[in-house]
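Student: I have a chain to go through and would like to work from its fold to its details. Please give the cut-offs as the terms come up.

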Amino acid sequence: MAKFDGQIAIAHLQEKWEGKPCPMCGVGNWNVNNSTFQLTEFNQGNMIIGGPVVPVIPVVCNNCGNTILVNAITAGVIKPESEGVK
Ligand SMILES: [Zn+2]
């Protein structure tokens, strides 16, 4: 579980995306999740415990559901020195 202050991610996206709408539907009211998820390396369907992971924040378009994954380290919500995080 890696909850964080969603305002940090929202401020990051406001600065970097500059209020851009969703590229798919052109409407774009973004909903930022306040949990961090992770992408794990593919290994023929087998889970690798302790393998490299990429922490991501799902950003979901309220209109069409288009979901964009933003790297949680780049967004500044988690520290890169966390164990196992690349
Ligand atoms: Zn959309």
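Tutor: Two strands count as paired if DSSP finds at least two bridges between them. Helices (H or I, at least four residues) and strands (E, at least two) are DSSP runs, numbered from the N terminus. This is a predicted model, in which local features need pLDDT of at least 70 and side-chain atom pairs count only at pLDDT 80 or more, while totals for chains, interfaces and linings use all residues. Residues are numbered from 1 along each chain as its sequence is written.

Student: Which pattern does the chain follow, read along the sequence?

Tutor: The chain has one helix and four strands. Its C-alpha trace spans about 40 × 25 × 20 Å along the principal axes. Read along the sequence, the pattern is α-β-β-β-β.

Student: How many residues does helix α1 have, and what does it reach from its first C-alpha to its last?

Tutor: Helix α1 covers residues 6-17, which is twelve residues. The expected span is 1.5 Å times one less than the number of residues, and for α1 this is 16 Å. The computed reach is close to that, at 16 Å.

Student: How many bridges join β2 to β3, and in which sense do they run?

Tutor: Phe37 stands opposite Val56 in β3. β2 is 37-40 and β3 is 53-61. The two strands are joined by four bridges and run antiparallel.

Student: What is the bridge partner of Pro58 in β4?

Tutor: Strand β4 comprises residues 67-71 and runs antiparallel to β3, with five bridges between them. In the hairpin of β3 and β4 there are five residues between the strands, and Gly65 takes a positive phi near 90°. The partner of Pro58 in β4 is Leu69.

Student: Which residues make up the largest nonpolar core?

Tutor: A residue is buried if 20 or more other C-beta atoms lie within 10 Å of its own, exposed if 12 or fewer, and partly exposed in between, with C-beta atoms placed from the backbone. A nonpolar core is a set of buried Ala, Val, Leu, Ile, Met, Phe, Trp, Tyr and Cys residues joined through C-beta atoms within 7 Å. Of the 86 residues of the chain, 12% count as buried. The largest core has seven residues: Ala9, Ile57, Val59, Val70, Ala72, Ala75 and Val77.

Student: Which residues does Ala75 touch, not counting residues up to four places away in sequence?

Tutor: Two residues are in contact if their C-beta atoms, placed from the backbone, lie within 7 Å. With residues up to four places away in sequence left out, Ala75 touches Ala9, His12, Ile57 and Val70.

Student: Is Glu18 buried or exposed?

Tutor: Glu18 lies in the loop between α1 and β1. Its phi is positive, about 50°, although Glu18 is not a glycine. Because Glu18 has 7 other C-beta atoms within 10 Å, the class is exposed.

Student: Why does Gln44 count as exposed?

Tutor: Gln44 is found in the loop between β2 and β3. Gln44 has a positive phi of about 55° although it is not a glycine. Gln44 counts as exposed because its C-beta neighbours inside 10 Å number 4.
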